[in-house]
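Dear colleague,

Please find below the structure that I am handing over to you. My notes on it come after the sequence and coordinates.

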Amino acid sequence: MSARTRIAVAGAGLIGRRHIELIEASPDCELAGIADPSPAARDYAQAHNVACYADHRALLAQEKPDGLIIASPNTLHLPMALDCAEAGVPALIEKPVTETVATAQRLCDAVKRTGVPMLVGHHRRHNPAIKAARQTVTSGKLGQLTAVVGLWLLKKPDDYFEVAWRREQGGGPLLINLIHDIDNLRFICGEINEVQALTSNKARGFAVEDTAALLLRFANGALGTVTVSDATPAPWSWELASGENTAYPKQDQPCYILSGTEGSLSVPNMELWSYAREPGWYAPLSRETVAPTAFDPLVEQLRHFCAVISGREPPLIPAEDAMGTLAVVEAVSEAARTGQKVSPGRIMEQAA
């Protein structure tokens with residue numbers, strides 16, 4: 001029997017501890033150590049009978065793990081990933097890949113230079129519903145994609161905003177939440193070439209937006225709208241509709257609608273609508289359900305990371321791909337600020 005893959009974790013916060021739980025539950029890997037300077041992390045590591053280091057460099061040097069999961073604050077993603085590249089240690093980097101497209105480009109350059117693979121933790125791409133939606137679109141079952149609707153509508157509780165940075169620019173749904181949906185839509189529908197956006201803070205009056213409306217032009221010619229608000233009681237968001245995280249009460253509602261010339265698909269309730277015979281608005285529509293096998297995408301992500309480490313699979317979300325998602329989010333912020341159409345490709349070119 002081959003030895004289990006030794007994976008270390010940098011950052012023992014909420015998501016870091018979830019990764020640790022999955023590593024300890026996996027038959028394929030084992031926890032090689034934790035890097036986190038906090039006293040709480042030292043206590044946590046002691047309870048799990050594993051070494052804890054105040055600095056990730058010491059962990060890399062002493063433990064020599066096969067891979068490192070970077071679950072640290074966003075500002076530390078780049079330096080930690082660069083150190084992994086230099087040490088020859090593959091990394092799984094929590095989203096966003098780095099703080100900005102410019103810093104993400106530095107990481108992409110390091111990956112090309114060293115050849116050390118980096119996987120970015122846009123874990124929803126591992127969800128079977130997202131994979132099935134992508135397959136439905138790319139197989140041509142919807143025909144030519146024409147229109148895409150994305151909804152992220154829910155109400156964050158008042159105590160969420162007791163943390164000061166969540167009331168300031170950069171702490172709102174555009175940069176914190178929308179990045180997940182943008183990555184899903186890029187993965188399912190293809191690249192986004194142009195963005196327009198409006199934002200509002202009228203619901204709460206904070207410095208940060210609480211509501212946004214986006215207009216997207218995809219490279220394949222489809223047009224898309226995405227409506228975002230964290231200030232409304234509503235079931236139309238991935239968190240509430242997917243059932244992916246049991247902390248949220250599941251709602252049997254869609255948050256994406258993908259429409260083409262031959263059919264339409266709602267996601268994640270996976271209802272496929274089309275005409276059985278001659279199409280036209282007087283004809284009855286048929287409805288079928290696309291039913292992928294359910295599994296935990298974080299478990300699948302860990303399995304995939306082990307395969308990336310061993311060289312058996314290329315990263316599903318490499319740093320360059322994740323940089324493309326970050327470029328769209330930066331384009332949304334710029335479009336909302338300037339009132340202009342913004343190209344994510346231009347942002348990528350400027351960073352190159």
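The following paragraphs set out what was found in this predicted model.

I begin with the open sheet, which has eight strands in the order E8-E9-E10-E7-E11-E12-E13-E14 and mixed pairing. Its edges are formed by strand E8 (192–200) and strand E14 (285–289); each has a single partner strand, so one side of each is left without a neighbour in the sheet. On average, neighbouring strands of this sheet are turned by 15° against each other, direction ignored. Within it, strands E11 (residues 256–260) and E12 (residues 264–267) run antiparallel and are joined by four bridges. Ile257 stands opposite Ser266 in E12.

Helix H11 (residues 319–338) lies across E8 and strand E9 (211–218), at about 50° to E8. Helix H6 (residues 128–138) has as its buried residues Pro128, Ala129, Ile130, Ala132, Ala133, Thr136 and Val137. These buried residues are covered by elements including strand E7 (145–153), E11 and E12, as well as helix H8 (178–189) and helix H9 (238–242). At the start of H6, a side-chain oxygen of Asn127 comes to within 2.8 Å of the backbone nitrogen of Ala129. After H6 comes Gly140, with a positive phi near 85°.

Finally, Ser72 is located in the loop between strand E4 (67–70) and helix H4 (77–87). Is this residue, Ser72, buried or exposed? Ser72 counts as buried because its relative accessibility is 9%, and the cut-off for buried is under 20%. Apart from neighbours within four places in sequence, Ser72 is in contact with Ala10, Gly11, His77 and Met80.

With kind regards

Methods. Residues are numbered from 1 along each chain as its sequence is written. This is a predicted model: local features need pLDDT of at least 70, side-chain atom pairs count only at pLDDT 80 or more; totals for chains, interfaces and linings use all residues. Side-chain values use heavy atoms; hydrogens and water are left out. Helices (H or I, at least four residues) and strands (E, at least two) are DSSP runs, numbered from the N terminus. Buried means under 20% relative accessible area, exposed over 50%, partly exposed in between (1.4 Å probe, protein chains only). Contact means heavy atoms within 4.5 Å. Two strands pair if DSSP finds at least two bridges between them. Axes are lines fitted to C-alpha atoms, for helices over the stretch in contact, and angles run from 0 to 180 degrees between N-to-C directions. A polar contact is a pair of N or O atoms within 3.5 Å; within protein, one must be able to donate a hydrogen and the other to accept it, and residues adjacent in sequence count only if both atoms are side-chain atoms.
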